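Here's a quick question-and-answer tour for someone new to this one. Take a look first, then read on.

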Amino acid sequence: MKMFLAKAAGLLLTSCLLAVATSAAQTTGIASPSPDPQIAAALRAVSPQRIQQTIEKLVSFESRHTLSSDVPASSGKGINAAAEWIKGEFESYSKACGGCLEVKTDEFTQEPGNRVPKPTTLTNVYAILRGSDPANASRIVLVTGHYDSRNSETNDAAGASPGANDDGSGTAVSIECARVLSQHKFPATIIFLTVAGEEQGLYGSAHFAKMAKAQNWNIEAVLNNDIVGGDKTPGDTTQDPHTVRVFSEGIPATATETELKLIRALGGENDGASRQLARYIAAVSKQYLPAKEFHPLVVYRRDRYLRGGDHTSFNEQGFAAVRFTEYRENYDHQHQNVRTENGVEYGDLAKFVNYNYVANVARVNAATLTSLASAPAPPAKVRVLTKALQNDSTLVWESSPGGLATGYLVLWRDTGAPDWEHAQTFGNVAQATVPMSKDNVVFAVQATDAKGHRSLPVVPVPER
Ligand SMILES: [Zn+2]
C-alpha cells in the first residue's frame, strides 16, 4: 500500500471555524502514528511455538469433520473432542488473567440441507474479552477461523482430515490472539471465535452472524482467517512467506436499492465498509510490522474465484468483514485424502505449515483488533454538503460516540487511487472544510484520540 510520509498537518479548530488547509497540508500524506507500546508488547508475545502446538493438537483429533459430531468427545477423536479442547484452552487463558474471558458456546442443530444429510449438532466456541470502558464495551471487533476440516470426500466424517492449514491455521490465529490479548485491557470488546460447519456450507458462521444481528451486536470489524498456514512444500519457490492476502467486498452484500443507486451515482464501488477495513489493516500492519518482513496484499475482491468463506456470512448480515489467506495456496494440501501418488504427497498435514508465517498473520490480526478496540468509535452520520456549488468541500458529522475521540482526520484520495493519499487533522469538531472539490476525490472521516489510535474511516453521504 502506497502512503506518503507526513510532515505535519495539524490544525486545531473549534466547530465554529472552518478549516482552511494550506497547500503544504494538501500534499502531506498519511503518517502512521507512533506505535502504542501496549500493542507492540502484545505482538511480541505472539509465539510460533504455541501456534505449532495448537495446530498439532487440532490435527491429533484425526478428523474435525462437522458430520463427526455423533462421535463422543471422550473418544479423543472427532469434532466434539476438538471443540472441548478449544474451550479448555480459552478457559485456561481466562484463569491466567483472573477470569477476564467469558468462554461460551453457540450450539445448535443444523437441519438437513446441502452437504448435511441429517440433523447435525454444530458448536461454535468463543471467548469474549469485554471492553474495559463502559461507554465503549458494546463496540465489538471479532477474529474467527473454522475448526472443522474435510478431505477429498465432502461428507467423509470418518476418514483422516488433518486440516492443519485449512483451517487449523486460522483457528490457531483466533486462539493465539486470545492467549496474548487476554493479558491486556482495551476500551472496546474483542471476541475470539472458532466456528464449525464451514466446509459443509458456512453453517456455523451463518448461525453466529445471524445471532449477532438479531441481538443488535455492534460489530465494527470481522477478521476471518482461512488457510493462513503459508504452505511450505519442499522445493516450491513460488510461495511468498512475507505476504498475506486480504480479500474484501467492495459493494456491501446488504446494500438496498436506494444505496446501490447512490453507489452508482457517486462511484462508491470501492468504498464499502469491508473495503475500508481492508485498507485499515494495511495501515496498521505498516505501523507495527516491517513491510519487508511481512505485509498484507489487499485484494479488491470478496474472495478467491468461486470460493467462499465465513466472512461472507458476516457480510450478509451487514457487518464489515474480510478474509485473510496465504499468498499462494497448494491444492495438493487442502481437501485431499492423505496419500502419496507418483511421488506427490497429498493431504493437509502439519509439516507443510510455516509457523513463523502464521505468527505474522496473527500479529497483523492482533494489531488490527487492538488498534480498533483502543480507538474511538467511528464518527456518526458523516455527510458532505452539496447544496452550495463550490470548489471547497465541507464535511459534517456527529461526534464519535463513547467519548474517546479528541480529534478527527479527514482523508482523501484521487478517485482512481487505491488507498488514502492525504489527511488533514482537526480538533474535536463536527465540521471541516478542505479546499478540494468533492467531485474530484473520495473523502472519509476518522475519529482519533490523543495516543494516535484511529477509528475505521467513514465515507460521507451527500446532504443537500
Ligand atoms: Zn477453509
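Q: Is Arg-115 buried, partly exposed or exposed?
A: This is a predicted model, where local features need pLDDT of at least 70, side-chain atom pairs count only at pLDDT 80 or more, and totals for chains, interfaces and linings use all residues. Residues are numbered from 1 along each chain as its sequence is written, and side-chain values use heavy atoms, leaving out hydrogens and water. Buried means under 20% relative accessible area, exposed means over 50%, and partly exposed is in between (1.4 Å probe, protein chains only). Arg-115 has 33% relative accessibility, so it counts as partly exposed.

Q: Where does Glu-62, with its positive phi, sit?
A: Most residues other than glycine have a negative phi. Glu-62 isn't a glycine, yet its phi is about 70°. Its place is the loop between α3 (48–59) and α4.

Q: Which residues does the cis peptide bond join?
A: Most peptide bonds are trans. Here, though, omega is about 5° in a cis bond, and the two residues joined are Asp-166 and Asp-167.

Q: How do α4 and α5 run, roughly parallel or roughly antiparallel?
A: Helix α4 (residues 78–96) and helix α5 (residues 164–181) pack at about 20°, with axes 9 Å apart. Angles under 35 degrees count as roughly parallel, over 145 as roughly antiparallel, 65 to 115 as roughly perpendicular and the rest as oblique. That makes α4, relative to α5, roughly parallel.

Notes. Axes are lines fitted to C-alpha atoms, for helices over the stretch in contact, and angles run from 0 to 180 degrees between N-to-C directions. Helices (H or I, at least four residues) and strands (E, at least two) are DSSP runs, numbered from the N terminus.
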